[in-house]
Amino acid sequence: MQEYDELAQLLGELLPRGALLRAVLSKRRRKSIPYERVSLRPLELRGRLHYQAAYHLGDKVQHRNLLPGEAGELICGLLQDDFRQALLCTEEADYQVLLGKKGGGKILRQPPSQRRAEANLAHDRPKRYILQEGTPYPFLVELGVMNSAGRVLAKRYHKFRQLNKYLEIVEDCLPHLQPRDGGVLNVVDFGSGRAYLTFALYHYLVEELQLPVRLTGLDLKEDVVAFCSEMAKKLGYKHLEFVCADIRDFAAEGQVDLVVSLHACDVATDFALAQAVRWGARVILAVPCCQHEIFTQLQKGTQSVLLQHGILKERTAALLTDAARGKLLEMQGYAVQIMEFIDLEHTPKNLLIRAFRGGHQKRGQAAREYAEFKEYWGIKPTLEVLLAEGNGHAQVEPGSK
């Protein structure tokens with residue numbers, strides 16, 4: 001229809017350059033549509049322009065952060081299916097979109113009602129977290145991070161920041177994690193520990209984003225699994241299960257989409273990564289911990305100045321271990337990023353390996369680079385052995401989150 005083509009063209013001009021200061025979609029086409037209105041505003045996330053969509057359900061608001069192209073698709077889709085009216089505010093003009101009940105419509109240009117100074121962009125405001133202080137989230141209250149009024153307890157603020165950083169990282173993975181053909185998103189969390197991050201992930205995917213999810217947390221400690229299972233039951237998290245099982249022995253049901261391994265100790269991370277590769281997981285998130293294996297393989301003659309002191313050798317070994325893991329994942333067809341997880345002032349375990357399936361074009365190059373890297377340092381990481389054998393067996397310890 002002509003009006004939708006005009007709208008798509010207008011949004012294509014406004015959104016990429018941040019010219020849309022505010023958008024409000026209203027007048028539901030049917031009473032069964034749960035959202036009374038949807039609003040969007042621009043914000044900057046990690047140096048990139050996004051638009052935050054706010055879905056208003058009475059006194060509740062759910063948020064999604066979208067890239068400009070995704071925001072345009074959302075607006076057009078909502079106006080085709082759910083709403084008959086939209087107000088698009090720019091610095092130069094307002095555009096009112098009016099659609100009829102039986103088709104047809106028009107776009108009216110009007111004098112501007114907002115200026116850029118009034119747009120309240122994210123870089124002019126305090127940082128907006130996915131989990132908001134002042135909002136009492138039941139799982140955070142039960143885990144002792146918040147009180148019943150939504151206030152973050154002073155001693156737990158570092159955990160609150162860690163949870164938000166984690167969810168921001170997950171948010172970036174969402175384009176790779178859409179359920180397949182209306183199916184369930186299958187997530188496995190190795191070494192879930194006391195499961196702060198596991199509960200946060202479930203809350204975000206299910207409660208906030210309304211995605212169909214089956215999430216399984218694994219740990220070797222029976223008392224921890226019992227505690228987390230009782231907590232999930234208390235919170236009404238029907239599709240969150242905790243199992244006392246070893247990383248190597250767990251048999252997942254169906255295709256696994258996301259594998260998480262946060263703070264699994266030493267080579268337990270390697271077992272988790274190898275299992276994720278065998279499952280063909282679309283996304284892998286791993287924060288390694290307590291890395292000792294490469295330390296014993298390093299010879300001082302390789303870089304005597306760097307390896308002379310124990311603390312430098314330990315840190316070098318950890319970096320080499322993660323560099324090797326990243327390159328080995330690239331050899332398996334993953335696009336890999338190694339990034340900061342949380343500030344060093346809060347925890348020394350601050351590197352996260354994030355891998356997306358689909359980097360097949362770099363496999364040959366990755367293999368050549370890994371061979372040179374391995375030969376120079378004289379190392380043979382566990383992950384290389386596991387991937388070559390297709391299986392492995394060694395005692396590993398769970399992490400704690």
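A residue counts as buried here when its relative accessible area is under 20%. Keep that in mind while you select the whole chain of this predicted model: 51% of its 401 residues count as buried.

Now go to cartoon view. The chain has 12 helices and 14 strands. Among contacts with a separation of 6 or more, 66% join residues 24 or more positions apart.

**First stop: H4 and H5.** Select residues 157-173 for H4 and 196-208 for H5; their axes come within 10 Å and cross at roughly 50°. That angle makes the two helices oblique to each other, and the crossing is right-handed. Show side chains next: on H4, pick out Lys159, Gln162, Leu163, Tyr166, Leu167, Val170 and Glu171, which meet Tyr196, Leu197, Ala200, Leu201, Tyr204 and Leu205 of H5. Colour this contact by class and you get 10 nonpolar residues, one polar and two charged.

**Second stop: H10 and H11.** Jump to residues 310-331 (H10) and 363-377 (H11), where the axes come within 8 Å and cross at roughly 155°. How do these two run relative to each other? Angles over 145 degrees count as roughly antiparallel, so that is what H10 and H11 are. Their crossing is left-handed. From H10, select Thr316, Leu320, Ala323, Ala324, Lys327, Leu328, Glu330 and Met331; they meet Arg363, Ala366, Ala367, Glu369, Tyr370, Phe373 and Trp377 in H11. By class, that contact holds 10 nonpolar, one polar and four charged residues.

Note on methods. Residues numbered from 1 in each chain as written. Predicted model: local features only at pLDDT ≥ 70, side-chain atom pairs only at ≥ 80, totals over all residues. Heavy atoms only, no water. Axes fitted to C-alpha atoms, helices over the stretch in contact; angles between N-to-C directions. Helix = DSSP H or I, 4+ residues; strand = E, 2+ residues; numbered from the N terminus. Parallel < 35°, antiparallel > 145°, perpendicular 65-115°, else oblique. Left-handed = near helix turned anticlockwise from the far one by under 90°. Contact = heavy atoms within 4.5 Å. Nonpolar A, V, L, I, M, F, W, Y, C, P; charged D, E, K, R; others polar. Buried < 20%, exposed > 50% of the residue type's maximum accessible area, 1.4 Å probe, protein only.
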